[in-house]
Amino acid sequence: MGAGAISVMASDIRIATPEAKTPSCFTRVGLAGCEHGRVCDPAAHHRQGRAAELLYTGRGMSAAEGERWGFYNRLVDGAALEADALDMALRIAAGPTFAHSITRPS
């Protein structure tokens with residue numbers, strides 16, 4: 001479950017349903033919060049204090065909280081999730097590939 005959250009963190013764009021939950025359960029099972037590369041740069045996904053709260057307490061993050069904190073780009077109804085993500089992917093793919101290849105959001 002936690003490694004799945006790390007995969008989400010590694011994504012440039014994150015779209016979720018309102019029911020999504022992002023676990024941060026490493027410390028609840030005796031592992032460091034940095035397992036699976038989680039410390040790569042949690043502050044890039046939400047402020048350091050918020051990241052620290054999740055890592056130290058093992059508390060999960062709700063979808064609404066994740067959107068409010070800027071972790072998720074947006075929340076979409078589950079029935080529309082795949083179509084929404086596909087639409088965005090197609091719009092990006094139709095764009096300038098060279099410019100996209102050198103774009104690295106900070």
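**Layout and labels**

Reply: From the N terminus on, the elements run α-β-β-α-β-α-β-α-α in the protein chain. That comes to 5 helices and 4 strands. Helices (H or I, at least four residues) and strands (E, at least two) are DSSP runs, numbered from the N terminus. This is a predicted model: local features need pLDDT of at least 70, side-chain atom pairs count only at pLDDT 80 or more, and totals for chains, interfaces and linings use all residues. Residues are numbered from 1 along each chain as its sequence is written, and side-chain values use heavy atoms, with hydrogens and water left out.

Me: How do you know what confidence the predictor has in the protein chain?

Reply: By pLDDT, the predictor's confidence in each residue, from 0 to 100. The protein chain averages 80, and 72% of the residues score at least 70.

Me: Why is L54 called buried?

Reply: Buried means under 20% relative accessible area, exposed over 50%, partly exposed in between (1.4 Å probe, protein chains only). L54 is at 1% relative accessibility, so it counts as buried. L54 lies in helix 2. From T22 it is 32 residues away in sequence and 9.9 Å in space, C-alpha to C-alpha.

Me: What makes the buried residues of helix 2 lie on the same side?

Reply: The buried residues of helix 2 (residues 48–57) are A51, L54 and L55. They cover an arc of only 95° around the axis, so they sit on the same side of helix 2. The arc is that of the directions from the helix axis to the C-beta atoms. The face turned away from this buried side carries the exposed G49 and Y56.

Me: What do the buried residues of helix 2 pack against?

Reply: Strand 3 (61–62) and helix 3 (63–69). Just after helix 2, G58 takes a positive phi of about 75°.

Me: Why is T17 called buried?

Reply: T17 has a relative accessible area of 15%, so it falls under the 20% cut-off and is buried. T17 is found in the loop between strand 1 (15–16) and strand 2 (21–22).

Me: Which residues is T17 in contact with, leaving aside its neighbours within four places in sequence?

Reply: Contact means heavy atoms within 4.5 Å. By that rule, T17 is in contact with A63, L75, V76, D77, G78 and L81, those neighbours left aside.

Me: How many of the residues of the protein chain count as buried?

Reply: Of its 106 residues, 29%.
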